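Me: I would like to know which criteria stand behind the labels used for this structure. Please set each value against its definition.

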Amino acid sequence: MSWLYRHLIRPALFLQDPETIHDRMMRALRWAGRHELCCDAIESFLGAADLPVELFGLRFPNPVGLAAGMDKYGDALPVWRALGFGFAELGAVTWQAQPGNPMPRVFRAVADGAIVNRMGFNNPGAAALAQRLEEWRALRRWPNHPVGINLGKSKTTPLERAAEDYASSFRVLQTYFDFFVVNVSSPNTPSLRKLQDKSALDEILAALQQSQCQSQIANGKSLIATVPAHSPGHINSEGPKPILVKVAPDLSFDALDEILELAGPRHVAGIVATNTTITRPSARAPALQRAYAEAGGLSGLPLRARSTEVIRHLYRQVQGTLPIVGVGGIFSAADAWEKIVAGASLVQVYTGMVYEGPGLAKEIVTGLLERLERAGLRQLREAVGIESAKESQCSRA
Ligand SMILES: Cc1cc2nc3c(=O)[nH]c(=O)nc-3n(C[C@H](O)[C@H](O)[C@H](O)COP(=O)(O)O)c2cc1C
């Protein structure tokens, strides 16, 4: 599949504008998602083997997830499982509906396996997203894997009122999602990344915590219990929802450590590392130089090493006590394994699927199973952080 995709399908797709082709694909997947037989047919070719992971009280059929930004509106929600994914993160969604930045706003750097985007959180707003999700529920097409949502800040909301903005989205969406990702790391909303500062992030997390408490009390549910067991095919609506924070790869280790200091007091369930980078690799080829001259966040292969470095640092700092979702430049099972042994408990892909095609999730899961067997490990969690742990032992010795 990946040979066919790389040599025949991808060249044809890449003749078209990136966002146009993305929208066409999403329309086709939306149609497929409505038809169970169609999803079954896709799954028979591209569905992945089981490699279960239990985390945040949720059961993931495999550790490979769809990264935020690909399916912003939940258009293809039932299809991701058929395409081999073990979970999906929808969004980003903001409280206000907004069109995003003017087009064109996505650029390929093909020779480097990269994308530059400055989408700017184009989305219909949290309330409209909730309505769309109702459709999948009504059609009984909700997938049997965890579904998360990436929360962003509305462009028109001033930074001082960011906490309120995130909490409003959280309130209308909390019954739909199994986990929430606070996105304070997109480079495409002016000043958003300032919300990674400890005090600003603390305010946002406090507002989300308060919303959780209010709804738990209103529904007469326990505030003490963490997350209850997730039953496949059902939304986890019983306990507090896991809230994760997505960080930028451009933060210094000190700044990352400050974010980690909030994890305990604010009950952060995990860190998603990383978002796109504002840095650029050096490039000689004119096509690459043109793509890299565009403003926006860079994803794909040039991000891989830095994202792994951030994961390694976070893992060492928390000694494995806070789960990490690794994302950035995963194009193969080897790339996913690199993130896992550095400390990621789950991984996500976006740009890799654009370059490697729809069989990527299956290929990664198969490759991870092979690597586990070669390493003599029975479960994925035994592999999490093993390289980082070894390296820190060596540096202490
Ligand atoms: C076109 C595009 C849109 C994205 N939109 C979002 C978004 O809305 N929220 C977010 O947190 N990350 C977004 N991302 C970042 C990805 O989720 C991911 O963190 C990043 O691309 C690195 O992974 P990759 O190298 O596998 O693409 C977007 C990425 C791309 C390419």
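Reply: We can begin with the strand pair S7 and S8. Strand S7 (residues 147–151) and S8 are joined by four bridges and run parallel. This is a predicted model, in which local features need pLDDT of at least 70 and side-chain atom pairs count only at pLDDT 80 or more, while totals for chains, interfaces and linings use all residues. Residues are numbered from 1 along each chain as its sequence is written.

Me: What makes S7 and S8 a pair, and where do the names come from?

Reply: Two strands pair if DSSP finds at least two bridges between them, and S7 and S8 have four. The chain passes from S7 through helix H6 (residues 162–173) to S8 in a right-handed β-α-β crossover. The names follow DSSP runs numbered from the N terminus, with helices (H or I) of at least four residues and strands (E) of at least two.

Me: How do you know whether strand S8 is enclosed?

Reply: A residue is buried if 20 or more other C-beta atoms lie within 10 Å of its own, exposed if 12 or fewer, and partly exposed in between, with C-beta atoms placed from the backbone. Five of the five residues of S8 (residues 179–183) are buried, so the strand is largely enclosed by the rest of the structure. Burial holds on both faces: Phe179, Val181 and Asn183 on one side, Phe180 and Val182 on the other.

Me: What about strand S9, and what pairs with it?

Reply: S9 (residues 243–247) is joined to S8 by four bridges, and the two run parallel. Val181 has Leu244 as its bridge partner in S9, and Asn183 has Lys246. Four bridges also join S9 to S10, again parallel, with Ala273 of S10 as the bridge partner of Val247. The chain goes from S9 through H8 to S10 in a right-handed β-α-β crossover. Because five of the five residues of S9 are buried, S9 is largely enclosed by the rest of the structure.

Me: Which strands close into a barrel, and in what order?

Reply: Eight strands close into a barrel in the order S3-S4-S7-S8-S9-S10-S12-S13, with parallel pairing. The twist averages 25 degrees from one strand to the next. Within this order, S10 (residues 270–273) and S12 (residues 324–327) are joined by three bridges, and Ile271 has Ile324 as its bridge partner in S12.

Me: Why are helices H11 and H13 called oblique?

Reply: The axes of H11 (residues 333–342) and H13 (residues 360–375) come within 8 Å and cross at roughly 60 degrees. Axes are lines fitted to C-alpha atoms, for helices over the stretch in contact, and angles run from 0 to 180 degrees between N-to-C directions. Angles under 35 degrees count as roughly parallel, over 145 as roughly antiparallel, 65 to 115 as roughly perpendicular and the rest as oblique. H11 and H13 are therefore oblique to each other.

Me: Is Pro249 buried or exposed, and what does it touch?

Reply: Pro249 counts as buried because it has 27 C-beta neighbours inside 10 Å. Its place is in the loop between S9 and helix H8 (253–263). Contact requires C-beta atoms, placed from the backbone, within 7 Å. Not counting residues up to four places away in sequence, Pro249 touches several residues, including Thr274, Leu303, Arg306 and Gly328. Pro249 and Arg306 are 57 residues apart in sequence and 6.5 Å apart in space, C-alpha to C-alpha.

Me: Where are the cis peptide bonds, and what is omega?

Reply: One joins Gly91 and Ala92, with omega about 15 degrees. Another joins Met103 and Pro104, with omega about -5 degrees.

Methods: Right-handed = clockwise from strand over helix to strand, strands pointing away. Contact = placed C-beta atoms within 7 Å.
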